[in-house]
Amino acid sequence: MSEEVVVPTPARHRGSRFAVATIVLALALIAVCVISLGLGQYALSPSEVVGILLRAIGVDTDLAPAAPTADGVILDIRLPRIVLGLLVGAALAVSGVLMQAIFGNPLADAAVVGVSSGAALGAAASLTFGLTVFGLWTTPGAAFLGGLTAVIAVYLISRAGGRTEVVTLLLTGIAINAIAGAGLAFLTFLGTTSTREQIVFWQLGSLNGALWQNIALVAPLTAVGILAGMLVAGRLDLFALGERTARHLGVRVELLRIVVIITVAVLVCAAVAFAGIIGFVGLIVPHLMRMIIGPAHLPLLIASALGGALLLAVADLVARTAVPLADLPIGMLTALVGGPFFLWLLVRTRRRSGGWA
Amino acid sequence: MSRLVASGVSVAVDDGRLILADASIEVRAGEVHALVGPNGAGKSTLFGVLAGDLTPASGTVTLDGAPLRGIHPRELARRRAVLLQSNTVSFPFTVEQVVRMGRAPWARTPAEDQDDAAVRDAMAETDVAGFAARTFPSLSGGERARVALARVLAQATPVLMLDEPTAALDLKHQEDVLRIVRARALAGAAVAIVLHDLNVTLAYADRVTLLSRGRVVAAGAPGEVLTAARIEEVYGQPVDVFPHPGTGVPVVVPRR
């Protein structure tokens, strides 16, 4: 055992950091959710919130308030909104981790490279043309197709020799965003007043009006996406060595690439279908988590899912309560924080690599 | 025993020009087999064919008698390890994590038990244990090259393929790396190595394949292949070759 002392074991050290980070994130998440459920025009104390939640799952305590309206506010209005936020945050953060892994570039994010816009365009098209071919799944399905098209386009265009240069990635993102933006503008022009409102709402990103039936669609998609990500996480570590070397280490690179691209499209469509474009979550969260627990993909993915959920829970709390009687678009808030963060990342990347490599 | 064999291999580029024509090579167990030749001779192309990265237009490549194409990637990774010339890592993985990636092909096999030992030994051999906890992107070029080599050694395969492993290294680490490679061959490994330095080739290789303009010019024992006349013919630079006064190993000196 004396070797344990002599040989540095950074992997294990980071392992314990991962455990601590996970616990802290989970506790913070629970705390923010309980506080958020109680705040708003109809204010409730955290203990009352806990009482209502416990009563909803069949545990009677004397914590819950007597007024039946409280149950309605919590369970039918605030809770679905918060749950949708958690799912969207986790989906976006994990999609960021996955995209950064296959692009070999820490600046890849669903909104930055235009995948979110592609998904929003798909969703908007299904609404404007009144498509109902897949019933409730029509809008998420169309968002999936739009997102998939965008991510494949970005991938094919921006990669060269197994890596993606920052400039190429960002310029491709601008182009894809512009094309999707033109499509959205055209749909706005074509649409009725109500679909126009929907499209504008998508471009801003909002959790307002979330319903349990939305969550019934978003939850399985997010779960499948995160699970798929966890299954390929080990191979994504090898991908960081470059495609050729990953292949030499036994990774079936082409297959992995396809699985990851489809997974990204599933996650982004889950995030965008009912909440619109909420930018920078996939950029900020994986980056912070990498700084805390290191770049190994399995722990990074789990911590990012929690971190993304936490970020959106906090952002949603601010969106609902910062301005009295107003519900700010959450996409605006994440962009407000994410924009400067993105700039900082850009400057740092440029300084490190001595150019725009 | 021949492990990695290419016969009559040709590779064409898009305009139909052959960058490798009818090349054959036989890498045997227990031998260091050097691929040498001037820039653009086709060394890297032949290396890529042997590694399975390039599919030749004609000719066959076999590993232990079986066509390379037919071997499952994971199984292939348990039999041969490849070190490329440029080694970058996209994210700040630590040195130890990078070396441990060499063990990935052995996950969920009995050999997984040796992961820790293989990683530790490979880091000690390549003299990188001292910065095991540092991140790969923070290392110097020479340090990165040694870490990449450690990763390949940790893979513990009977066939090793190394593309200019000494290019970024100072004299001492260059000799260290070549001694490691020699030791692996003595222990039974088949080693294919692309080298630039003819003196290194003469000192460390058991067998040499000399390429020029996409063709194999000569193959055999280093002393027989790398004669003054042939070097001048292939490289276009007159040289003197004479035995080292101490060891008797031929030394190549350009005529200046």
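Two residues are in contact here if their C-beta atoms, placed from the backbone, lie within 7 Å. Helices (H or I, at least four residues) and strands (E, at least two) are DSSP runs, numbered from the N terminus. Please keep in mind that this is a predicted model, in which local features need pLDDT of at least 70 and side-chain atom pairs count only at pLDDT 80 or more, while totals for chains, interfaces and linings use all residues. Residues are numbered from 1 along each chain as its sequence is written, and chains are lettered from A and ligands numbered from 1 in the order in which they are written.

Let me start with chain B. Helix α5(B), residues 141–154, has 14 residues and reaches 20 Å from its first C-alpha to its last, close to the 20 Å expected at 1.5 Å a residue, where the expected span is 1.5 Å times one less than the number of residues. After α5(B) comes B:Ala156, with a positive phi near 50°.

Now to a helix pair in chain A. Two packed helices are described by the angle between their axes and the distance between the axes. Helix α4(A), residues 68–103, packs with α9(A) at an angle of about 25°, their axes being 9 Å apart, with axes taken as lines fitted to C-alpha atoms, for helices over the stretch in contact, and angles running from 0 to 180 degrees between N-to-C directions. α4(A) is therefore roughly parallel to α9(A), a label for angles under 35 degrees, as against over 145 for roughly antiparallel, 65 to 115 for roughly perpendicular and oblique for the rest. Among the residues making the contact are A:Leu87 and A:Val94 of α4(A) and A:Ile215 and A:Gly225 of α9(A).

Finally, the two chains meet: 22 residues of chain A are in contact with 23 residues of chain B. On the side of chain A that touches chain B, the elements giving two or more residues are α2, α9 and α10 of chain A, and α10(A) gives the most, with four residues.
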